[in-house]
Amino acid sequence: MIFAGIVAGGSGTRMKNAPMPKQFLKVGGQPILVRTIKAFYDISEIECIYIGINADWYDYTAELLKSCGFDSERVFLIKGGADRNGTVMNILSAVKGRYGVNKGDVLVTHDGVRPFVSGKMIRDNISCAQKKYACGTYIPSEDTIIIKSADGVTVSQNLVRSELYRAQTPQSFEISKLCECIERLGEDKLGELTDTCGIFTACGLPIYIVEGEPTNFKITTEYDLKVARLLCQGAALPDEDC
């Protein structure tokens, strides 16, 4: 089976003037989270979609999903963890509790505030995880990256731009191999990690690269929100909710 896990537990503290967490703000007439869910809902290979949400916004999200007509036998809402990795672990636990751990099953994880993920990226993640166990979505860096000196005001090192990539999501994993790695690491080591790909890296296993797209950006700041709304201009009526 193919599962999607959408991480949407953030409180949106960097969106300072927002009346609610950023995943509920609208772009193109739709809440960001709804737009993200629909990207996965349209992929027929994905049999179940789990959404991890902040407990304070659980009831609000449940009503939102209901009003948008998502199939309750395919889309499930759970409470998120203390951080991104914690939410992914909660989603993984929910999948295991309902379906068990079966070789060949895949979990495709994605940030709830990356609403412009394409079907190609999702399918490429599924295919790669089925063959290689673990993969992430990345795009080449268009900027030169430097390391600053200890004094904080001078450049210590210029990194080779052609070797640098920016991480996006989805990040996708063969579930039985992910569970095997989690068991190998133990709770103490697992608690030190903030990224699910890091679980495989800590076990000495490679993360394979799936090609991302510049439009698959994370809506984090007011600037990002403006860009997202410009991308959606004319795509939906202003009062359209779902």
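Colleague: To which residue does the side chain belong whose polar atom lies 3.5 Å from the backbone oxygen of Gly-28?
Modeller: This is a predicted model, and the position described here is the one that it gives. Apart from residues up to four places away in sequence, the residue in question touches Val-27, Gly-28, Gln-30, Pro-115, Phe-116 and Cys-232, and its place is in helix α1. The side chain with a polar atom 3.5 Å from the backbone oxygen of Gly-28 is that of Arg-35.

Colleague: How many of the 10 residues of helix α1 are buried?
Modeller: The buried residues of α1 are Ile-32, Leu-33, Val-34, Arg-35, Thr-36, Ile-37, Ala-39 and Phe-40. Helix α1, which covers residues 32–41, is therefore largely enclosed by the rest of the structure, the number of its buried residues being eight.

Colleague: At what angle do helix α3 and helix α5 pack?
Modeller: Two packed helices are described by the angle between their axes and the distance between the axes. For α3 (residues 84–99) and α5 (residues 175–191), the axes lie 13 Å apart and the angle is about 130 degrees. That angle makes α3 oblique to α5, and the value asked for is about 130 degrees.

Colleague: Which residues of α5 make the contact with α3?
Modeller: α3 passes α5 in a left-handed crossing. On the side of α3, the contact is made by Asn-85, Met-89, Leu-92, Val-95 and Lys-96. By class, the contact has eight nonpolar residues, one polar and one charged. On the side of α5, the residues are Ile-175, Leu-178, Cys-179, Ile-182 and Leu-190.

Colleague: With which side chain does the side chain of Thr-196 make a polar contact?
Modeller: Thr-196 is placed in the loop between α5 and α6, and because its relative accessibility is 0% it counts as buried. Beyond its neighbours within four places in sequence, Thr-196 is in contact with Arg-84, Asn-85, Val-88, Met-89, Gln-171, Phe-173 and Leu-178. The polar contact, at 2.8 Å, is with the side chain of Asn-85.

Colleague: What is the omega of the peptide bond that joins Thr-169 and Pro-170?
Modeller: Most peptide bonds are trans. The bond between Thr-169 and Pro-170, however, is cis, and Pro-170 is found in strand β10, which covers residues 165–174. Its omega is about 20 degrees.

Colleague: Near what value is the phi of Tyr-133?
Modeller: Most residues other than glycine have a negative phi. Tyr-133, which is placed in the loop between α4 and β7 and is partly exposed with a relative accessible area of 36%, has a positive phi instead. The phi of Tyr-133 is near 80 degrees.

Colleague: How far apart in space are Tyr-208 and Ser-172, C-alpha to C-alpha?
Modeller: Tyr-208 is placed in strand β11 (residues 208–211), where its relative accessibility of 33% makes it partly exposed. Leaving aside neighbours within four places in sequence, Tyr-208 is in contact with Cys-128, Lys-132, Ala-134, Cys-135, Gly-136 and Tyr-138. Tyr-208 and Ser-172 are 36 residues apart in sequence, and their separation in space is 9.7 Å.

Colleague: With the side chain of which residue does the side chain of Lys-120 make a polar contact?
Modeller: Lys-120 lies in helix α4 and is exposed, its relative accessible area being 54%. The polar contact of the Lys-120 side chain, at 2.7 Å, is with the side chain of Asp-124.

Colleague: What distance separates the C-alpha atoms of Gly-80 and Ala-8?
Modeller: Gly-80 lies in the loop between β5 and α3 and is partly exposed, with a relative accessible area of 24%. Not counting residues up to four places away in sequence, Gly-80 touches Gly-52, Ile-53, Thr-87 and Asn-90. Gly-80 and Ala-8 are 72 residues apart along the chain, and their C-alpha atoms are separated by 7.6 Å.

Note on methods. Residues numbered from 1 in each chain as written. Predicted model: local features only at pLDDT ≥ 70, side-chain atom pairs only at ≥ 80, totals over all residues. Heavy atoms only, no water. Buried < 20%, exposed > 50% of the residue type's maximum accessible area, 1.4 Å probe, protein only. Helix = DSSP H or I, 4+ residues; strand = E, 2+ residues; numbered from the N terminus. Axes fitted to C-alpha atoms, helices over the stretch in contact; angles between N-to-C directions. Parallel < 35°, antiparallel > 145°, perpendicular 65-115°, else oblique. Left-handed = near helix turned anticlockwise from the far one by under 90°. Contact = heavy atoms within 4.5 Å. Nonpolar A, V, L, I, M, F, W, Y, C, P; charged D, E, K, R; others polar. Polar contact = N/O pair within 3.5 Å; in protein donor to acceptor, adjacent residues only side chain to side chain.
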